[in-house]
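Reader: I have a structure to go through with you. Can we take it side chain by side chain?
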Amino acid sequence: MKHTAPDGYTSVAPWVVTDDTGALLDFVAAAFGGEELARVPVEDGTIGHGEIRVADTVVLAFDRRPDWPVMLSLLRIYVPDADAAMAAAVAHGAQVITEVSDSAWGDRGGRVRDPFGNIWWVVSRVEEVAPDTAWQRMFEPKYAESMRTAQETLDAALSGRESGISSAPLRPAD
């Protein structure tokens, strides 16, 4: 497929709808080193359009109208150092959902809920792992526990239950 997006934009772009887009843009800039591109206020005092670039992706945002449902976003961000980025996010008002750990497929990361309710996967690639090796590692206790914890903490955060549920991965038939 031919790349048809304007220069500097990806073919798919996330939209985040929040009750305070200005504060969201400030959070992303402070926590993840985002560069604000646009903040367009409209007559009623809300933000009608906002854009912030984080590395190679532009995240788009605008304020929710009072009669619209709350629309939480789930976002993954690759950063040079997941531990440092998680700490920065927490320092700027995020709450830890999943503590940082290593995955079978070579990522290190965790999850935070930003001050607006969105959940961010904050991840660093720490090693390249072949798919067959990743599947073998997934059943090693360290990685199986990391996957179980990741599933349970996300389920608890999204469901509101005190403890979440998990289910072990099944390798697809080759």
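Author: Fine. This is a predicted model. A place to begin is Arg-161, which is partly exposed because its relative accessibility is 41%.

Reader: What does Arg-161 form a salt bridge with?

Author: With Asp-155; the closest N and O atoms are 2.3 Å apart.

Reader: And Asp-155, buried or exposed?

Author: Buried, since its relative accessible area is 18% and the cut-off for buried is under 20%. Asp-155 lies in helix 4.

Reader: What else does Asp-155 touch?

Author: Leaving out residues up to four places away in sequence, Asp-155 touches Gly-160, Arg-161, Gly-164 and Ile-165.

Reader: Which residue forms a salt bridge with Arg-148?

Author: Glu-145, with 2.3 Å between the closest N and O atoms. Both residues lie in helix 4 (residues 141–159), three residues apart, which is about one turn of the helix. Arg-148 is partly exposed at 32% relative accessible area, and Glu-145 is partly exposed at 39%.

Reader: Switching to rings. How many aromatic pairs?

Author: Five, by this rule. One of them is Phe-27 with Phe-32, which is edge-to-face, with 5.8 Å centre to centre and 85 degrees between the planes. Phe-27 and Phe-32 are both buried.

Reader: Why is the pair of Phe-62 and Trp-68 edge-to-face?

Author: Because the planes of Phe-62 and Trp-68 are at 85 degrees, and over 60 counts as edge-to-face. The ring centres of Phe-62 and Trp-68 are 5.9 Å apart. Trp-68 is partly exposed, at 33% relative accessibility.

Reader: Which residues do ring pairs link into a cluster?

Author: Phe-27, Phe-32, Phe-116 and Trp-120.

Reader: Which charged end sits over the ring of Tyr-9?

Author: That of Arg-53, at 5.9 Å from the ring centre.

Reader: Back to Phe-27 for a moment. Which residues are buried in helix 1?

Author: Thr-21, Gly-22, Leu-24, Leu-25, Phe-27, Val-28, Ala-31 and Phe-32.

Reader: What span should helix 1 have?

Author: Helix 1 (residues 21–32) has 12 residues, and at 1.5 Å a residue it should span 16 Å. Its end C-alpha atoms are 16 Å apart, so the two values agree.

Reader: What follows helix 1?

Author: Gly-33, with a positive phi near 70 degrees.

Reader: Which residue other than glycine has a positive phi near 55 degrees?

Author: Ala-55. Most residues other than glycine have a negative phi. Ala-55 is found in the loop between strand 3 (47–54) and strand 4, and is exposed at 64% relative accessible area.

Reader: Last one, Arg-64. Where does Arg-64 lie?

Author: In the loop between strand 4 (57–63) and strand 5 (74–78). Arg-64 counts as buried, because its relative accessibility is 18%.

Reader: What does the side chain of Arg-64 reach at 2.4 Å?

Author: The backbone oxygen of Trp-68. The side chains of Arg-64 and Asp-19 are also joined by a polar contact of 2.8 Å.

Reader: And which residues is Arg-64 in contact with, leaving aside neighbours within four places in sequence?

Author: Val-17, Thr-18, Asp-19, Pro-69 and Val-70.

How values were computed:
Residues numbered from 1 in each chain as written. Predicted model: local features only at pLDDT ≥ 70, side-chain atom pairs only at ≥ 80, totals over all residues. Heavy atoms only, no water. Phe/Tyr/Trp six-rings, centres within 6.5 Å; stacked < 30°, edge-to-face > 60°. Buried < 20%, exposed > 50% of the residue type's maximum accessible area, 1.4 Å probe, protein only. Lys NZ or Arg CZ within 6 Å of the ring centre and 35° of its normal. Salt bridge = Lys/Arg side-chain N within 4 Å of Asp/Glu carboxyl O. Helix = DSSP H or I, 4+ residues; strand = E, 2+ residues; numbered from the N terminus. Expected span 1.5 Å × (residues − 1). Polar contact = N/O pair within 3.5 Å; in protein donor to acceptor, adjacent residues only side chain to side chain. Contact = heavy atoms within 4.5 Å.
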